[in-house]
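Subject: the model, and what I found in it

Hi,

Here is the structure I promised to send over.

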Amino acid sequence: MFTRSSRRWVGVTVPVLLLAVAGCGAWGNDSAQGNPAAAPLPSLSAPASASASASRSVSLGSATPPVGEAELSPAVRGKKVLVVGDSWAAYFGAGMSKVASDGNVIVNAGVSGCGIMMPDTMYGGKKTDSRCLKWPKEWPQYMKQYKPDAVLLRTATMDMNAQSFDHSGVELTIDHPAFRKRFMKNTGRAIDILTQNGTPVYMTNARIQSSWKNQSLKMNEAVQELADKYKDKGVHLLDLRAQLCNDNGCPPVVDGHKLYDETDHPADWSRDRLSIWLLNMMFAGSPAGATS
């Protein structure tokens, strides 16, 4: 195990995941492609809170998105968080390790290029990396070994990519009924694993991207349905979309800061602020500090 420690903080990265944050190439960018600034979001109805749990039919308004929070709540101390999922999960795990540096443990088990689907192929016929098939065995081990206070489960970006399964040879996306059914089943299985001993699980929705708009909307519908279904098991959905977007779209730059790196993952400034927001929502339940 690769462990970085000092008297003040501990960050744990599962060995096979050492390239999960820095990796690029074919497996490094599981973000949906395209410039997120181009197309406006669909018109929606109800008022929104940037830090509240995600809800249906919510207008984000026209104000500049908050992009997380600047100050970590004092409630985030002595906590242990397990982060699982795709490369966005790995980025958030790295961000949490950086910002929660006072008496917390972050176990970063995000894997670049891997979602929840356990497909045969993805990316136009590329055989699935063996790492993507191991979560049903690995995640129960992590729960037993680390006994986290909370879990971040994030696959909402990776699983917008086309994938094939059940030896069909046909790659489908989240807007296809068979894909959605498998996504719901596999995520439900993951939730059963991760909510052992009453551990709360936090999921996020996805930003709405111009070239992947339909997949983004369908993914957000699916994760909302899952959060509703498993609410009594301690599953919470956090509105990441409202942190990165407004009703006019999802800007690539806020307050002079680029929000995404060259692989379309969160750049350091946005990653750290979003990581603070995630931790505050897990353990304080409300924003802490300035959001501008």
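A word on "buried" before anything else: a residue is buried when its relative accessible area is under 20%, exposed when it is over 50%, and partly exposed in between, using a 1.4 Å probe and protein chains only. Helices (H or I, at least four residues) and strands (E, at least two) are DSSP runs, numbered from the N terminus.

Keep in mind that this is a predicted model, where local features need pLDDT of at least 70 and side-chain atom pairs count only at pLDDT 80 or more, while totals for chains, interfaces and linings use all residues. Residues are numbered from 1 along each chain as its sequence is written, and side-chain values use heavy atoms, with hydrogens and water left out.

Let's start with strand E7. 5 of the 5 residues of E7 are buried, so the strand is largely enclosed by the rest of the structure. Ala150, Leu152 and Arg154 point one way, Val151 and Leu153 the other way.

Now its neighbours. Two strands pair if DSSP finds at least two bridges between them. E3 and E7 pair in the parallel sense over 5 bridges, and Val81 has Ala150 of E7 as its bridge partner. E7 also pairs with E9, again in the parallel sense, over 3 bridges. There, Val151 stands opposite Val201 and Leu152 opposite Tyr202.

E9 is covered on both faces, with Val201 and Met203 buried on one side and Tyr202 and Thr204 buried on the other. E9 pairs with E10 in the parallel sense over 4 bridges, and Tyr202 stands opposite His236 in E10. E9, H5 and E10 together make a right-handed β-α-β unit (right-handed means that, with the strands pointing away from the viewer, the path from the first strand over the helix to the second runs clockwise).

What about the inside? A nonpolar core here is a set of buried Ala, Val, Leu, Ile, Met, Phe, Trp, Tyr and Cys residues joined through side-chain atoms within 4.5 Å. The largest one has 37 residues, and Leu82, Val84, Trp139 and Phe183 are among those with the most contacts inside it. Elements that give two or more residues to this core include E3 (80-85), H3 (135-146), E7 (150-154) and H4 (177-194). H4 gives the most, with 7 residues. Apart from this core lies another, of 33 residues, including Val76 and Ile276.

- Ile193 is found in H4 and, at 10% relative accessibility, counts as buried. Lys137 is 56 residues away from Ile193 in sequence, but the two are 9.7 Å apart in space, C-alpha to C-alpha.
- Gln163 lies in strand E8 (residues 163-164) and counts as buried at 1% relative accessibility. A polar atom of the Gln163 side chain lies 3.3 Å from the backbone oxygen of Asn161.

Cheers

Definitions and conventions. Polar contact = N/O pair within 3.5 Å; in protein donor to acceptor, adjacent residues only side chain to side chain.
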